[in-house]
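Good morning, and thank you for making the time.

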Amino acid sequence: MKALVTFPILIPLATAIITIFLGRSLRGKVVVSLVGGGASFASALLLLRTVWSQGTVVHVMGSWSPPFGIILVADLLSSGMVLLSSGVALVALCYSVGYVEEEGQRLAYHPLFHLLMMGIYGAFLTGDIFNLFVFFEILLISSYALVAFAGEDYQLEATLKYATINLIASAVFLLAVGGLYGTMGSLNMADLSLKIGQLQDPGPLPTIFLLFIAVFGVKASMFPFYFWLPDAHSSAPTPISAILSGVLIKVGAYSILRISSVIFVPFRPDVQGWILALAAITMVVGACGALAQSDVKRLLAYSSVGQMGYILLGVGIGTPLALVSTLLFIVNHALAKAMLFLTAGIVIEATGTREMGNMGGLGRQMPWTAGAFLVGTMAIGGVPPLFGFFAKFLLIKSAIEAGYGFLAALAAVLAIVTLWYLFAAWQQVFWREGSGHALHAVPRLMKGSGLVLAGLILIGTIFLNPLVDFLSAVEAQLRQPGVYVTAVFREVTRGSALH
Amino acid sequence: MTTLLAVTIGVLFGTGAFLVLRRNALKVIIGLSLISHGANLLLVTSGGFAGNRPPIIGPGGGVYVDPLPQALVLTAIVISFGMTAFMVTLLYRLYRRTGTVDMDQIRGLKG
C-alpha cells in the first residue's frame with residue numbers, strides 16, 4: 001500500500017475539483033465537501049496505522065527515481081501531523097457549514113478550503129525541498145484567498161500584508177533552494193542528508209540553513225517576522241482562523257524540525273543560538289501583545305505568537321525531552337487554539353461584537369460554550385489536569401536540564417502571563433455581570449464543533465501516557481535521520497530492480 | 001557571464017527592495033515581482049549557467065547544462081505570475097472599496 005501516502009493529497013484535490021464543478025448547488029457542495037474532509041481524515045488514520053506497524057512509507061511519484069524525481073515520505077512525524085491537521089480541518093469544516101454565508105459556500109469556499117488542506121498535507125509528506133516550496137505556495141495562495149474571503153476592507157488589508165511578507169519569504173526560499181542546489185547538486189532530503197554527512201568543508205551551508213530557518217520562521221511567526229499574523233489570523237473568517245492558528249503555523253515549525261533533523265544535522269549548533277534567542281523574544285512579544293488586546297480574536301492571535309515561541313524554544317533546545325514536550329505542545333496548541341477561535345466565533349456571532357468590553361455575563365446564557373472556552377484557556381494556559389500543563393512543565397524542565405536556566409525562568413514567568421490574559425478574557429466574556437442583551441441564534445453545528453475539540457483535549461488528557469509514548473517514538477525516529485534515509489533508498493533500489 | 005548575472009540579480013533585488021518600501025501599494029507589487037525575478041534568475045544560475053549550451057543531450061551526446069534548475073525555475077515563474085495576478089486583483093478590490101492605494105491611508109487594522 002505505497003500509494004496510501006498520496007491519498008491525503010489526492011482526496012482534497014479531488015474534492016476541490018468536484019466542488020468547483022458542482023456549480024451553485026449548495027447542498028451538493030456541502031455534502032461532497034464533508035465527505036472529502038471525512039475521507040481525508042480516514043486516509044490519515046489509515047496512513048498513521050500503516051506507518052506505525054510497517055515503518056516509514058515511501059512513494060516515488062511518476063516512477064522517476066530519486067534524487068531526480070519527487071518522493072512522498074510518511075514517517076511517524078509527518079503522518080502524525082497529517083492526522084492532527086485533518087482532524088482539526090474536519091471540525092473546522094463542519095463549523096464552516098454553519099458559519100460561512102450561503103453565497104460564499106455556493107462560490108469558492110469549499111474548493112479553496114480543500115486546496116488549503118492539500119497544500120498542508122503535501123508540505124508534511126513531501127521528501128523534496130523544491131516540492132515543499134510548491135506545496136507551500138499552494139497552501140499560501142489558498143489561505144490568502146480565504147482570509148480575504150468575505151471581502152471586507154480590513155480583510156483585504158490584512159491579506160495584503162500577509163501576502164506581501166510571504167511573497168518575500170517565497171523569494172528567499174528560492175534563494176536558499178538555489179544555494180543548496182548549487183552547493184550540493186541535489187534537492188532530495190534523504191540524498192542531501194547523505195551528501196552533507198560526508199562533507200569535509202561546510203562552505204556556505206550554515207548560511208543556507210539560516211535562510212531556511214528565516215523562511216520557515218515567517219510561517220511559524222518567529223520574532224522579527226510575526227507582524228502579519230495578528231492581522232491575518234484575526235481578520236480571517238473564524239474557521240479559517242482556527243486552521244491558520246491551529247495547523248498552518250505548525251507547518252513552519254514542522255519544516256524547521258524536518259530540515260534540522262534530516263538535512264542540516266551537522267550544522268545544528270551553528271543556528272541553535274539564533275533559534276533560542278528568537279524564540280525567547282517571540283514568547284515575550286506574543287505575551288505582551290496579547291495583554292494589550294481588547295478584541296477577542298486579536299488576543300487569541302497574539303497568544304498564538306507567544307505559544308509558537310514555546311514550540312520554537314523546544315526545537316532550539318533539541319534534547320529528546322525538549323522535542324517530546326514540543327510535540328506534545330504542538331498537539332495541545334493545535335486542538336486548544338483551534339477550539340478557542342471556534343468558540344470565540346460563536347460568541348461573536350451571538351453578540352455581534354468582537355470587543356470583549358461589550359460582552360459579559362454570557363456564561364449563564366451559553367454555558368456549554370463558556371465551558372469549552374474554559375477548557376481551551378486551561379489547556380493553553382497550562383493548568384495541571386490538562387496535558388497542556390505537562391507540555392509546558394516538561395519543556396521548562398528540559399530547558400533547566402540543558403543548562404538554559406534563564407530561558408526556563410522566562411518560560412515559567414510567561415506561562416503565568418499567558419494564564420492571566422486568557423483567564424482575564426474568559427472572565428470578561430463569560431463570568432462578570434453582563435449587560436444581558438439579546439443574543440442572536442447560533443447554528444447548532446457551530447456549537448457542536450467547538451465541543452468536539454474540547455472533548456478531544458479531555459480525551460488526550462485521559463490517554464496522556466499512550467500519547468507521550470507515541471510522541472517519544474516520533475522523537476526517537478527524528479533523532480536517527482538514518483532511518484529516514486534508509487527507508488527512501490531502500491525504495492529506490494527496489495524501484496530500479498523492477499525496471 | 002557570471003559577473004553580469006550576479007550584478008543583474010543584485011540590481012533586481014535592490015530595486016525590488018526599494019519599491020517594496022514605497023507607500024504606494026502598486027509599487028510594492030511591482031517590487032515583489034522584481035524580487036521574485038531576481039530569485040528565479042539565481043535559481044537558473046545555480047545549475048551552472050553556461051550561455052549557449054542546451055539543457056538536453058543532443059543526438060551525438062555533447063555538452064549540456066543541468067536541466068533540473070530550468071524545470072524548477074519554470075515552476076517558480078508560473079507561481080510568481082499567479083501570485084502577482086492575485087495581488088493585483090486584491091489591490092484593485094481594495095482600491096474600489098477605499099479609493100486609495102496609499103498604504104498610510106489604508107489603516108483599518110492596528111498592525
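Chain A has 499 residues, and a compact globule with that number of residues would have a radius of gyration near 23 Å; chain A has 22 Å, which agrees. The radius of gyration here is taken over C-alpha atoms, and the globule rule is 2.2 Å times the number of residues to the power 0.38. Along its principal axes, the C-alpha trace of chain A spans about 70 × 60 × 40 Å.

Please keep in mind that this is a predicted model, in which local features need pLDDT of at least 70 and side-chain atom pairs count only at pLDDT 80 or more, while totals for chains, interfaces and linings use all residues. Residues are numbered from 1 along each chain as its sequence is written, chains are lettered from A and ligands numbered from 1 in the order in which they are written, and side-chain values use heavy atoms, with hydrogens and water left out.

Let me compare the two chains in turn. Chain A contains 21 helices and 2 strands, these being DSSP runs numbered from the N terminus (helices: H or I, at least four residues; strands: E, at least two). Of its 499 residues, 63% count as buried; buried means under 20% relative accessible area, exposed over 50%, and partly exposed in between, with a 1.4 Å probe and protein chains only. Among the contacts in chain A with a separation of 6 or more, 80% come from residues 24 or more positions apart, a contact meaning heavy atoms within 4.5 Å. Chain A exposes about 16,900 Å², of which carbon and sulfur atoms supply 69%; accessible areas come from the Shrake-Rupley method with a 1.4 Å probe, and for residues only the protein chains shown count as cover.

As for charge, chain A carries 25 positive and 21 negative side chains, and the centres of the two sets lie 7 Å apart. Lys and Arg count as positive and Asp and Glu as negative, with His and the chain ends not counted; the place of a charge is NZ of Lys, CZ of Arg, CG of Asp or CD of Glu.

Chain B has 3 helices and 0 strands, and its elements run α-α-α from the N terminus on. Of the 111 residues of chain B, 35% count as buried. Residues 24 or more positions apart supply 51% of the chain B contacts with a separation of 6 or more. One residue of chain B deserves mention: B:Leu68, in helix 3 (residues 68-98), is partly exposed at a relative accessible area of 23%.

I return to chain A and to helix 8. Which residues of helix 8 (residues 189-197) are buried? They are A:Met189, A:Ala190, A:Asp191, A:Leu192, A:Ser193 and A:Ile196. The N-terminal end of this helix is capped by A:Asn188, a side-chain oxygen of which lies 3.0 Å from the backbone nitrogen of A:Ala190. A:Asp191 has a relative accessible area of 8%, so this residue is buried. Residues up to four places away in sequence aside, A:Asp191 touches A:Pro67, A:Ser186 and A:Phe489.

Next, a loop. A:Ser221 lies between helix 9 (205-219) and helix 10 (228-235), and has a positive phi of about 55 degrees although it is not a glycine. Is A:Ser221 buried or exposed? At 0% relative accessibility, A:Ser221 counts as buried.

A:Val284 is found in helix 12 (residues 268-291) and counts as partly exposed because its relative accessibility is 28%. A:Val284 touches A:Leu410 and A:Leu414, residues up to four places away not being counted. A:Val417, in helix 18 (residues 405-431), is buried at 16% and is in contact with A:Ala287 and A:Leu291, leaving aside neighbours within four places in sequence. A:Gly314, in helix 13 (residues 296-317), is buried at 0%. With neighbours within four places again left aside, A:Gly314 is in contact with A:Ala322, A:Leu323, A:Thr326 and A:Leu395.

Note on methods. A polar contact is a pair of N or O atoms within 3.5 Å; within protein, one must be able to donate a hydrogen and the other to accept it, and residues adjacent in sequence count only if both atoms are side-chain atoms.
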